[in-house]
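Please review the strand architecture and the nonpolar core of this model. A short report is wanted.

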Amino acid sequence: MLLKFSPVFALLLTLSGTAVAAAEHHGTSAGQAKLASAESSLPLIDGEVKKVDKDAGKLTLKHGPITNLGMPAMTMVFRVKDAAMLEQVKNGDKIRFAADKVGGALTVMHLEPVDEAGKNPQVK
Ligand SMILES: [Cu+2]
């Protein structure tokens, strides 16, 4: 009985083991691809709002080093991905943002305020 069953059992074990490994591998690479393509994978940069130009859809920011663009700290003008972002900030606001090159223009892809207590984990 046992002898008759073992080859089948062994085969089942092998098959299920392979299936599990394949599923895990697939899940991992799919997750990484998603992360890599999502804008949330861009590093968050510390910035301070210097000027909000709603007419031009531009934002002047004093920013820290932008590692994904190889840019040192400076004050410069950015475009914004969504004009609604300009409604979220005013001069002097401390923010965290993600920037990327879109059609050759440096663009703020993501923006979030930093409270006065300095809850920004990148600041400490
Ligand atoms: Cu810059």
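The report below covers the basis, the barrel, its strand pairs and the core.

## Basis

This is a predicted model: local features need pLDDT of at least 70, side-chain atom pairs count only at pLDDT 80 or more, and totals for chains, interfaces and linings use all residues. Residues are numbered from 1 along each chain as its sequence is written.

## Barrel

Five strands form a closed barrel in the order 1-2-3-5-4, with mixed pairing. Strands are DSSP runs (E, at least two residues), numbered from the N terminus. Two strands pair if DSSP finds at least two bridges between them. From one strand to the next, the twist averages 55 degrees; axes are lines fitted to C-alpha atoms, and angles run from 0 to 180 degrees between N-to-C directions.

## Strand pairs

Strand 1 and strand 2 run antiparallel, joined by six bridges. V52 stands opposite L59 in strand 2. The two strands form a hairpin with four residues between them. In the turn, G57 has a positive phi of about 70 degrees.

Strand 1 also pairs with strand 4, antiparallel over four bridges. D46 has R96 in strand 4 as its bridge partner. Strand 3 and strand 5 pair in the parallel sense over two bridges. Here V80 stands opposite V108 in strand 5.

## Core

The largest nonpolar core has 16 residues. Such a core is a set of buried Ala, Val, Leu, Ile, Met, Phe, Trp, Tyr and Cys residues joined through C-beta atoms within 7 Å. Buried means 20 or more other C-beta atoms within 10 Å of the residue's own, with C-beta atoms placed from the backbone. Residues with the most contacts inside the core include L59, V80, V108 and L111.

Technical notes:
Buried ≥ 20, exposed ≤ 12 C-beta atoms within 10 Å, placed from the backbone.
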